[in-house]
Amino acid sequence: MAGSRPSQFQFSVSGPLRLYSTAELLALPPPKWLVDEVLPEGAVTALYGPPESAKSFLAIDLALCVATGLPWHGHKVQQGRVVYIAAEGGAGISKRVRAWLTHYQKEGAQISWLIESLAIYKGSGDIDTLMTRLDETEQKPKLIVVDTLARCLEGNENQQEDMGRFISGLDHFRHEYGSTLMALHHTNLSGERERGNTALRGGLDTMLSVENVEHNAHGSVTEMTVICSKQKDAEHFAKLEFQLIPVEGTASCVVVTNGRQQAKLEKQIEILQILINQGPMSWDAWASSTSKQNIPKTTFHRHFTELRNAVRIIKENGRWRAVS
């Protein structure tokens, strides 16, 4: 049509409420990962589960992996500064941190700890104070963990308006620093979903659910599974199975991949390494090569499906190759 704008026309410059043309929209880069396949960069997320399900152990483990650059149980991370808001106090959490650093033989990490609660909502004086302190360090956090939502929500978590204000507070951190936010939360009495108003689920990008929690005779958590219950802009990752093991000399424990999960990861690495060494390959050629390594075809097919769903492999011109 005469006088119409070309598809490459830039509707407006960068800044708030920028308009994109269709061509610009399609050219936007895909989402980046803070933790590969698990936590998107710059996302607002939640880790939730029943009381005493080792949520804090999992969150500390993930936070320290990002802060040190250590892969999180087979998932690569973007290393960067982390802020951990331990709103229930630091006496108990310090033992867990010491256990992690001892287990992985790390002497330090790019992480800051806040051991008091704060009111999280846009315009909160607490947020302004915390941001002033963060700006003094001249390092933007890659990850901010809020442990727990209940301790940092101003109002009633069952009210849509109050939950919406809390989410807007998390968004304020995201917009200011480009951080990924992760809030820890509890399930409701039935254990079927997260506690509180459904505005929480609607406002988040990613949700991780702690399930299948097992306890020993003393009531301590021994095993748990993390399930992806929401991943707005990507495929759900396969379930992750963990166990808690004691760390000598620390009076605490650390999260590790349990034996079944570890065996699965090792087998997937073995299958993927064949593709890396010999690929790109057709499915039949890849399956034939794995069978020569005494990997049954049914085992190959199961792991192939998981690798494909996790986008660790892609098909080009009829052949599969590993994604770097």
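**Notebook: charges and cysteines**

I started at Asp128, which counts as partly exposed because its relative accessibility is 42%; buried means under 20% relative accessible area, exposed over 50%, and partly exposed in between (1.4 Å probe, protein chains only). This is a predicted model, so I note that local features need pLDDT of at least 70 and side-chain atom pairs count only at pLDDT 80 or more, while totals for chains, interfaces and linings use all residues. Residues are numbered from 1 along each chain as its sequence is written, and side-chain values use heavy atoms, with hydrogens and water left out.

**Entry: the acidic patch**

I placed Asp128 in helix α4 (residues 125-137); helices (H or I, at least four residues) and strands (E, at least two) are DSSP runs, numbered from the N terminus. On the surface, Asp128 gathers with Glu116, Asp126 and Glu154 in a patch of negative charge. Patch members have over 30% relative accessible area and no salt bridge, and like charges are joined within 9 Å.

**Entry: salt bridges**

I looked up the salt bridges next (a side-chain nitrogen of Lys or Arg within 4 Å of a carboxyl oxygen of Asp or Glu), and the count comes to 11.

One of them pairs Arg312 with Glu37 at 2.8 Å, N to O. I see that this pair links distant parts of the chain, 275 residues apart: Arg312 sits in the loop between α10 (297-309) and β12 (313-316), and Glu37 in the loop between β1 (33-35) and β2 (39-40). Glu37 counts as buried because its relative accessible area is 14%.

Glu194 and Arg201 also meet in a salt bridge, at 2.9 Å, N to O. Here Glu194 is buried, with a relative accessible area of 1%, whereas Arg201 is partly exposed at 25%. Elsewhere, salt bridges that share partners join Asp171, Arg174, Asp205 and Lys232 into one network. Within that group I checked Asp171 and Arg174, whose closest N and O atoms are 2.5 Å apart. Both lie in helix α6 (residues 160-177), 3 residues apart, about one turn of the helix. Asp171 is buried, with a relative accessible area of 19%.

**Entry: cysteines**

I then went through the disulfides (a pair of cysteine sulfur atoms within 2.5 Å), and the count comes to 0. For Cys65, the nearest cysteine sulfur is that of Cys253, 17 Å away. Cys65 is buried, with a relative accessible area of 1%. For Cys228, the nearest cysteine sulfur is that of Cys65, 18 Å away. Cys228 counts as buried too, since its relative accessibility is 7%.

Notes
Patch = residues over 30% accessible without salt bridge, like charges linked within 9 Å, V, L, I, M, F, W, Y side chains within 5 Å. Areas by Shrake-Rupley, 256 points an atom, 1.4 Å probe, with all protein chains shown as cover. Lys, Arg positive; Asp, Glu negative; His and termini not counted. Charge placed at Lys NZ, Arg CZ, Asp CG, Glu CD.
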